[in-house]
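Subject: Handing over the model

Hello,

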Amino acid sequence: MTELEFLILRRPMSLQGNRANLRTWKEFVARRANTAWGVRPPIQTGELHLTLVYLSGVQPADVDNIIKPIQDALVGLVLSDDSLIVAVESHRRLLTGSFDPMRLPPLLLTGLLTGRECVYVRLRDAQPLEELL
């Protein structure tokens, strides 16, 4: 069973952002992922599900444009290839939104309590398609 969870305590970069800033962003994400993943080798096989929850402030990045830079940052550290990700969920909610803290993953709650824009990242084994529909 594959499970990786980490928090990016920064505003996410859009795929359409400045190249230099995007490279810096990917390096930051890779460091966060590496800390969470530890010394395990990159996943070589299987089907994975990536979940992102972006807690945003005003003028947020588009939720679809933040996926690829985060996914790319995992390649070589957590994944051998991003083609292993067969399912993606990307959600955006305002930091000022209403949440039931008892139903949030503890790490996402930690991000919410910082009051800063952040992205919660979870990677796990993909479920059979029949369970998603």
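In what follows, two strands pair if DSSP finds at least two bridges between them. Helices (H or I, at least four residues) and strands (E, at least two) are DSSP runs, numbered from the N terminus. The model is predicted, so local features need pLDDT of at least 70 and side-chain atom pairs count only at pLDDT 80 or more, while totals for chains, interfaces and linings use all residues. Residues are numbered from 1 along each chain as its sequence is written, and side-chain values use heavy atoms, with hydrogens and water left out.

The sheet

Let me start with the strands. Four of them form an open sheet in the order β1-β4-β2-β3, and the pairing is mixed. The edges are taken by β1 and β3 (85-94), each with a single partner strand, so one side of each has no neighbour in the sheet. Neighbouring strands are turned by 10° against each other on average, direction ignored; axes here are lines fitted to C-alpha atoms, for helices over the stretch in contact, and angles run from 0 to 180 degrees between N-to-C directions.

The antiparallel pair β1 and β4 is joined by six bridges, and within it L7 has Y120 of β4 as its bridge partner. By contrast, β2 and β3 run parallel, with nine bridges joining them. There, H49 has A87 of β3 as its bridge partner. Together with α2, the strands β2 and β3 make a right-handed β-α-β unit, where right-handed means that, with the strands pointing away from the viewer, the path from the first strand over the helix to the second runs clockwise.

Next, have a look at α3 (residues 106-114), where L108, G111 and L112 are buried. I use buried for under 20% relative accessible area, exposed for over 50% and partly exposed for in between (1.4 Å probe, protein chains only). Seen down the axis of α3, the buried residues fall within an arc of 100°, so they line one face of the helix; the arc is that of the directions from the helix axis to the C-beta atoms. On the face turned away from the buried side, α3 carries the exposed residues P106 and L113.

What does the buried side of α3 pack against? Its buried residues pack against β1 (3-8), β2 (48-56) and β4 (118-125), with contact meaning heavy atoms within 4.5 Å. After α3 comes G115, with a positive phi near 75°.

Two residues to look at

R124 lies in strand β4 and is buried, with a relative accessible area of 17%. Leaving aside residues up to four places away in sequence, R124 touches T2, E3, E47, L48, H49, T51 and E89.

Q59 sits in the loop between β2 and α2 (67-74). Although Q59 is not a glycine, its phi is positive, about 45°. Most residues other than glycine have a negative phi. Q59 is exposed, at 69% relative accessibility.

Salt bridges

How many salt bridges does a search of the whole structure find? There are five, counting a side-chain nitrogen of Lys or Arg within 4 Å of a carboxyl oxygen of Asp or Glu. Here are three of them.

One joins the side chains of R11 and E117 (3.0 Å, N to O). This pair links distant parts of the chain, 106 residues apart: R11 is in the loop between β1 and α1 (19-37), and E117 is in the loop between α3 and β4. R11 is partly exposed, with a relative accessible area of 36%, whereas E117 is buried at 15%.

Another salt bridge brings together the side chains of K26 and D72 (3.5 Å, N to O). K26 belongs to helix α1 and D72 to helix α2, 46 residues apart. Both count as partly exposed, K26 at 26% relative accessibility and D72 at 24%.

D82 and K68 also meet through their side chains in a salt bridge (2.6 Å, N to O). D82 is in the loop between α2 and β3, while K68 is in helix α2, 14 residues apart. K68 is partly exposed, with a relative accessible area of 32%. Salt bridges that share partners join K26, K68, D72 and D82 into one network.

Best wishes
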